[in-house]
Amino acid sequence: MKDTARLAEPAIEARSLGLTFQTADGPVHALRDVTLTIGRGDFVSFIGPSGCGKTTFLRSVAALEHPTEGSLTVNGMAPDAARLARAFGYVFQAAGLYPWRTIAGNIRLPLEIMGFSRAEQDERVARVLELVELGGFGTKFPWQLSGGMQQRASIARALAFDADILLMDEPFGALDEIVRDRLNEELLNLWSRTGKTIGFVTHSIPEAVYLSTRIVVMSPRPGRITDVIDSPLPRERPLDIRDTPEFLAVSQRVRDGLRAGHSYDV
Amino acid sequence: MKAVLPVSVVIAAIVVLWYGAAVWMNAAWVRDQAARAGETPGFAQIVPQTLNQERPVLPAPHQVVSELWKGVAGQAVTSKRSLVYHGWITLSATLLGFVIGTGAGILLAIGIVHNRAMDLSVMPWAIASQTIPILAIAPMIIVVLNSVGVTGLVPKAIISAYLSFFPVVVGMVKGLRAPDAMQLDLLRTYGASQRQTFAKLRMPASVPYLFASLKVGVAAALVGAVVGELPTGAVAGLGARLLSGSYYGQTVQIWAALFAAALLAASLVALIGLAERLTLRRMGMGR
């Protein structure tokens, strides 16, 4: 399908990226000197305490924030151009489904805005509903679904227009641990089936280690990268991989990275 | 069904209080009459005479009910004594004013939400407009419009619109701004235009707010229509019934007209409530 040149091109590339907010109390350095290359098909987690810039970085990739220094490309384009090229889907912490639309109607929303034909909308909605195991729930309204199912629907909505990159900002942060485990497993499954590039913000160490091929450890004031860990874990990951020595070693390294960034100082 | 008992207790309490007040307030006239006749009636003789006077200070509930019944069912609907006739005149001005006010309110709200200059310039005027007593401004509107040849329904409807646009503006501004930053960001990631954001997010999100505003607005529109009928010299409408009742000391007529207006307002609010339930259920937001 894709030619080799496109495969070699990184999905997201940041060089000396900086973002400074001007506030009444003076400038706030949300990001400073962030250099990072995310390859195609990677699952990259961003972990760090509040204020470390992990969400700001993700929002910059989605052109929701505009960096003040350095360069950032998404699929080789500026983020604004990448958005118009439908390069990414974004999943927020809250599902944010419209209460006045059915689940199918919610997934149809980006397709309507992007001007897909009615027949294609129907076909895509049915396909992504199956992908997130919500087949048969299309005609339900959001309030009829559990929180976990709502978040699955919001992932389906982000997948509906076939973006190569999925940006997820603490998507499971508001869910209980049992649901979260299940959704983590499903997300890995979905990732291996679709081959998407995923950028995933979290502040759970086990979640980051379980899901990622690379873990970016960040630290606040100013928001910066303190460590980038290439996971030695295999791509195929049953839930009980979390009890293996390799998993615990990676977790330990993430924890050390957080400590080195003084992230535990409050 | 659990509410039946408390509701009937409250209604019964109001009726009892009302009867008590009627006896107390109308007794002076009974004593006056008796004094002139050189009698000193006891309490048991005073009570029945307080409840069936022709021009009581406070009419008893059954007098108001019978006057209402006479006004609604006891006349041809075309008669000048018919409350249906007067009610229709007021209702038509109310509805026309309500439609104008709602339309203007929605348009202003859309402008205010999308344009910062309008937000800063229109909102203070809208608020100021509601601080002026409607009784002061209504005669001026009637007179000014009369002088340019506009009479009848339209001036009253404009006063109705003047009162009913405000809750719609306030409610719709709130409703159109109800979507949070996350929902707006989501549409930005789709590259949605301002028009699409309005049609797909802001407008549907504002519907529950719109209905809350419409309920306040329709009641205000009725008040506007009644007030608009007062300075025209009591020709027709519930306001006219109120005014002619007070000219001739017909307290029962005043109270009957008041209740007719209240019933009309309650029915209008109930109709909007019904439309609200049906719409929200259709939108999947009714439970």
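**Entry 1: lining of the largest cavity**

I looked up which residues line the largest cavity of this predicted model. I found Leu131(A), Val132(A), Glu133(A), Arg152(A), Ile155(A), Phe172(A), Leu183(A), Glu186(A), Leu187(A), Asn189(A), Leu190(A) and Arg193(A). I noted that helix H6 (147-159) and helix H7 (177-194) of chain A are the elements that each give two or more residues to this lining. H7(A) supplies the largest share, 6 residues.

I sorted the lining residues of the largest cavity by type and recorded 7 nonpolar, 4 charged and 1 polar. I then turned to the domains of chain A: domain 1 (1-87 + 163-213 + 228-266) and domain 2 (95-162) each contribute at least three residues to the lining.

**Entry 2: number and volume**

The largest cavity holds about 110 Å³ of space.

**Entry 3: nonpolar cores**

I next examined the largest nonpolar core, which has 129 residues. The members that touch the most others are Ile12(A), Phe46(A), Phe57(A), Leu167(A), Leu187(A), Ile215(A) and Val254(A). I noticed that Leu187(A) is listed here and also in the lining of the largest cavity. Helix H9 (residues 194-229) of chain B gives the most to this core, 10 residues. I recorded another core apart from it, of 11 residues, including Ile142(B), Leu145(B), Leu163(B) and Ala220(B).

**Entry 4: surroundings of Phe46(A)**

I listed the contacts of Phe46(A), leaving aside neighbours within four places in sequence. Among them are Leu36(A), Ile38(A), Lys54(A), Phe57(A), Leu58(A), Phe200(A), Val216(A) and Met218(A). Phe46(A) also contacts Gly199(A), Val201(A) and Thr202(A).

Technical notes
Residues are numbered from 1 along each chain as its sequence is written. Chains are lettered from A and ligands numbered from 1 in the order in which they are written. This is a predicted model: local features need pLDDT of at least 70, side-chain atom pairs count only at pLDDT 80 or more; totals for chains, interfaces and linings use all residues. Side-chain values use heavy atoms; hydrogens and water are left out. On a 1 Å grid over the protein atoms alone, a cavity is a set of points where a 1.4 Å probe fits but cannot get out, and a pocket is an open set with protein on both sides within 12 Å along at least five of seven lines; lining residues have an atom within 4 Å of a point. Grid points are joined across faces, edges and corners, and a volume is the space filled by probe spheres set on the points. Helices (H or I, at least four residues) and strands (E, at least two) are DSSP runs, numbered from the N terminus. Ala, Val, Leu, Ile, Met, Phe, Trp, Tyr, Cys and Pro count as nonpolar, Asp, Glu, Lys and Arg as charged, and the others, Gly among them, as polar. Domain bounds come from an automatic or database domain assignment. A nonpolar core is a set of buried Ala, Val, Leu, Ile, Met, Phe, Trp, Tyr and Cys residues joined through side-chain atoms within 4.5 Å. Buried means under 20% relative accessible area, exposed over 50%, partly exposed in between (1.4 Å probe, protein chains only). Contact means heavy atoms within 4.5 Å.
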